[in-house]
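Please look over the sequence and the model shown below before reading on.

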Amino acid sequence: MNFPILSSIIFLPLLGAIFIFLFKDDKENNKSAVYVSLFTSLANLILCLFLWSLFDRDFSGFQFVEEKNWISGLIKFKLGIDGISILFIILTALIAPICIISCINSVKERVKEFLIAILILETFMIGVFSSLDLVIFYLFFEAGLIPMFLIIGVWGGPRRVYSAFKFFLYTLLGSVLMLVAIITIYWLTGTTDLVEIYKIRIPKEYQHILWLAFFSSFAVKMPMWPVHTWLPDAHVEAPTAGSVILAAILLKMGGYGFLRFSIGMFPVASEYFVPLIYFLSVVAIIYTSLVALMQEDMKKLIAYSSVAHMGYVTLGIFTFTKQGLDGSIYQMISHGLISAALFLSVGVLYDRTHSRLINFYGGVVNYIPKYSLIFIIFALAALGLPGTTGFLGEFLILIGVFKKNYLIGLLATIGVVLAAAYMLWLSKRVIFGDVKNQEIKALKDINFLEGTILSVLVIFIIVFGFYPDPLLDTMNVSVNDLLDNYQKDLIHHLKAGK
Amino acid sequence: MEYAVLFLPLLGSIIGYFGKRLGNFFSELATCFFVCASGILSIIIFYNGVKTGNYGNYKIFEWVNSGSFVANWSIKIDPLSSIMLVVVTLVSSLVHIYSIGYMKHDPHKPRFMSYLSLFTFSMLALVVSDNFLQLFFGWEGVGLCSYLLIGFWYKRNSANNAAIKAFIVNRVGDFGLAVGIFLIFYHFGTINYDEVFQLVPQITNKEINFLSFEINLITAICLFLFIGAMGKSAQFLLHTWLPDAMEGPTPVSALIHAATMVTAGVFLIVRCSPIFEYSEIALNVITIVGGITAIFAASVALVQNDIKRIIAYSTCSQLGYMFFAAGVGAYHIAMFHLFTHAFFKALLFLGSGSVIHAFKDDQDIRNMGGVWRQLPYTWFLMLVGTLALTGFPFLSGFYSKDAIIEFAYSKHSLIGNFAAYIGIFTAFLTAIYSWRLMFKTFHGKYMNKNLSLKETHESPLVMLIPLAFLALGAIFSGYIFKDLFIGSENKNFWESSIFFLQEINYEHPPLWFLLFTPILVVSAIPISYYIFISNRKILDKFTENNKLLYNFLLNKWYIDQIYEFIFVIPIKKMGLFFWKKGDENTIDRFGPNGISKIVKLISNKAVQFQSGYIYDYAFVMLIGLSLLITFLILN
């Protein structure tokens, strides 16, 4: 493969952003900025689907590898994907145009800059999922902070500054430790090339401390309990598109990091810290589900539910079983679609009434039936109804967990009951019931654009719920590889230990 | 043909929903047509199966494939599922037709019909599954449709609450079912029925360790599956949603909360008989829970005043019968009772719908009475339903219910006797509350103040004809099918779909025992007539003297209140506590806010040094220098 398709996918959005940057700032240009960015992101989506069609599902190892010397002898710009990362790339490429379309209704000021931020963010996010070098990964991983920080800080709600700083503080704290760890790894192995590191195998005695350093970064991103408190605030203050990207993709970087780095590089430590992960995940599932139940703000509720859903992901990853890993990856993709859909739905209401308070609404179904139908579908998907993607991920994860530990499995399954409680109660208070407010009566149903993006998500959520094969099949070989290598590494270290 | 049975209702549902642009009538016609077609086909399948033993297992396509975890979308036709097919599609067809009349004035009729069809599809997907995952899909699918239909009148707050309650209580049950499935997959490596059932005998002695308790694996699986069954079939402790579910339109109650969905739990137990047979403990638990439910629900039904709630508790109680039948090992009789019950209970519900229709949506039996001449057909049909329910000789309920009691008795075990006596006593209670309902609704004095007697009117034909069909079923289904289900032909008929570890004992109980229940039941008619119609003072006096008992029953043993107290309120409090005290007051306070405070504090102190005065800087330099020197000396 000579054509550098991965770099093209990464840098195409950036190119679009630069192009928009050159526009003059006036109303007419805002419109064309939207078109340009939409065009770029759609082109990128098509490119990604093309990549998917070229992707060899039976090949084990990384494909489409690109390698260039960057700082000679020190850092290589190395890209490549496997069956896991390609799914996240496609998810990112799908969410980006959806966000851009949602901006048309919700962002009124500094449209141009907003679009630039989103496009740059897309570049960084795809970069994260396709880099095979620790330094490159770190750069993309951290650079993603900046546009997100700006999106919350500039276009956010009234407490945006507090939220933006909280977000920044948490994520930065984790990533500093990760940087130190990366440097240590370079000292230990003489390379930052991931594939090389897999082969060299990091010595057992260093693994625990390095694992913790990476963990601190991924746990914040995930977010895991108890470092989750930035998420509700960030979501509440972020504009709709910001929330969508945050929930759909940024959170997935943590899970992806665990899969690619923690398990891959530190198998011994990963095994060692299983109890910690299980404990934190189960607490996250039950604790945040209960907190979600009592929220008064729709976005906060969904944010807390995200934390609970991510709790399942970490559980699944650290079962080291085929079902657990398949389930976790599936759950991440599924949550990407569902949480994006839910935040968009809340955004639709917010654009019309400028309120996110649950108490403000009620009886919405009487005036906007189409919207209500879609909202209910998303709510049901979020509570894991079979036939939607939300179900399969959780079910597979729990199957994996039960193989490891009954108690953890039982506790995690309780979360499924709680999810039904908070999602249905939310729907009841917002969609059904009495009309509490005169403003509700003036609501307009979803327009064409909103209808389009929401229906696209509905279709994906349902189709992949009934027919998950395209996704499961894509990741199948890579997940098997991951597990194989993990087992081999463990055995190797065990032997070395003796 | 098998595909058509399953997918026609789905097709009907989709066409019905989106066809509302073509008018309500189109939607009704489409949904009714597709469901009826599915009904006719399933009768053909059932008939073919009985005649030729022609069954099969069809794979539609692969659903999940993750390592060794494989589940297909499938259609498994065997005696068990073909009976369920007939029950579900037949009752569903009749309810669809009935709804045309009942929901005539509702503006959202297409949506209603569409939900009904969707429900039918989910229920069919549940019964024809050949693996536990598709079963779970159908299981939650019917729960969803039940949620949507209970909350159909979404403007009513009570309907919304009831809908949520139904879904969440069911989810508690689903939790059990899911855990059962996880355990099955872990220990059997598959979730396909046939494969699992084959493996069961090999691992009957396996123990699992949970929190250092040694538990028999099969027992654990059975108990978890049973929790699932309890939720769906409204058994004692997880029954609370069923009476509240009566907030939904009456056709829904007839279809979902009487004939089909609530029997899914019984179906599950019977389907899994090859597992349950190996766990004595689980079977005993089922018997006890079933017995308690039967008697509890019947006792509560005695004092309720809402016509639909009485029937709902009656359903609950009859489901209890089915469970303890399965618990004592009479799976085939449990299925037989499920079959006959579907007819007479749907008949009673739809009949009560007709009464409610006549009384312009009043459901309180204290506001009824004396209308049997006004509503002759409804009265007659309800009479048939009541006779069948109470087990009046030679009607359908007689054959199935007495068979359960006799079977339990002939077990000659403690648990069998327990079940038999509870069965007899409950049969008596059933007769009392059923006749109370009949007499208070149709006989005695006319009590309604808002509506004059003349304004009450008989329902239209479109509602009465389905009732007539159900009445035929309620009268004859027991007599016609008794040989096939539980009599001489039963072994040939069930083939391998029900598993008995031990040969069934066909010994008959003594004659006095056989006659005891029917006599009791028949004698309940004059007794109830006496206390509810001719001499009501006795009853008033009795309740006056036993206020405590009366309130206890009226408030449904206070179980809702207890749940509110031990679950709902603490959970809300915990949520609030974790949010305010946990997140805001602990994590945030000591986490990000704390750190930024400390940083601020330190930088404020640091700022003081940068005062611009030479002596401040000199002082800092001096300290630094002395520290450096100390360090060097020490080294």
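## A serine in a helix of chain B

Is B:Ser92 buried or exposed? B:Ser92 is buried, with a relative accessible area of 0%, where buried means under 20% relative accessible area, exposed over 50% and partly exposed in between, for a 1.4 Å probe and protein chains only. The residue belongs to helix α3 of chain B, which covers residues 79-102; helices (H or I, at least four residues) and strands (E, at least two) are DSSP runs, numbered from the N terminus. When neighbours within four places in sequence are left aside, B:Ser92 is in contact with B:Val35, B:Thr120 and B:Leu255, contact meaning heavy atoms within 4.5 Å.

## Basis of the model

This is a predicted model, in which local features need pLDDT of at least 70 and side-chain atom pairs count only at pLDDT 80 or more, whereas totals for chains, interfaces and linings use all residues. Residues are numbered from 1 along each chain as its sequence is written, chains are lettered from A and ligands numbered from 1 in the order in which they are written, and side-chain values use heavy atoms, with hydrogens and water left out.

## Chain B as a whole

Chain B holds 26 helices and four strands, and its C-alpha atoms fill a box of roughly 110 × 65 × 60 Å, taken along the principal axes. Of the 635 residues in chain B, 60% are buried. Among contacts in chain B between residues at least 6 apart in sequence, 79% join residues at least 24 apart.

B:Arg156 lies in the loop between α5 (132-150) and α6 (157-188) of chain B and counts as partly exposed, at 38% relative accessibility. The side chain of B:Arg156 makes a polar contact with the side chain of B:Glu247 at 3.0 Å; a polar contact is a pair of N or O atoms within 3.5 Å, where within protein one must be able to donate a hydrogen and the other to accept it, and residues adjacent in sequence count only if both atoms are side-chain atoms.

## A hairpin in chain B

In a regular strand the side chains alternate between the two faces of the sheet.

Four bridges join β3(B) to strand β4 (residues 213-216) of chain B, and the two run antiparallel; strands pair if DSSP finds at least two bridges between them. The bridge partner of B:Glu207 in β4(B) is B:Asn216. The two strands form a hairpin with two residues between them, and B:Leu211 in the turn has a positive phi of about 50°.

## Backbone exceptions

Most residues other than glycine have a negative phi, and most peptide bonds are trans. In chain A, the peptide bond from A:Met222 to A:Pro223 is cis, with omega near -15°, and a cis peptide bond also joins A:Trp225 and A:Pro226, with omega about 5°. A:Pro223 is found in the loop between α9 (204-221) and α10 (230-237) of chain A, and A:Pro226 lies in the loop between α9 and α10 of chain A.

In chain B, phi of B:Ala234 is near 50°, a positive value in a residue other than glycine. B:Ala234 sits in the loop between α8 (217-232) and α9 (241-244) and is buried, with a relative accessible area of 0%. B:Tyr558, which is not a glycine either, has a positive phi of about 60°; B:Tyr558 lies in the loop between α23 (547-554) and α24 (559-590) of chain B and, at 32% relative accessibility, counts as partly exposed.

## Where the chains meet

The contact takes 60 residues from chain A and 55 residues from chain B. The area buried between the chains is about 5300 Å², of which carbon and sulfur atoms give 74%; buried area is the accessible area (1.4 Å probe) that two parts lose on being put together, summed over both. In chain A, A:Met294, A:Phe395 and A:Tyr406 lose the most area to chain B, together 12% of what that side buries.
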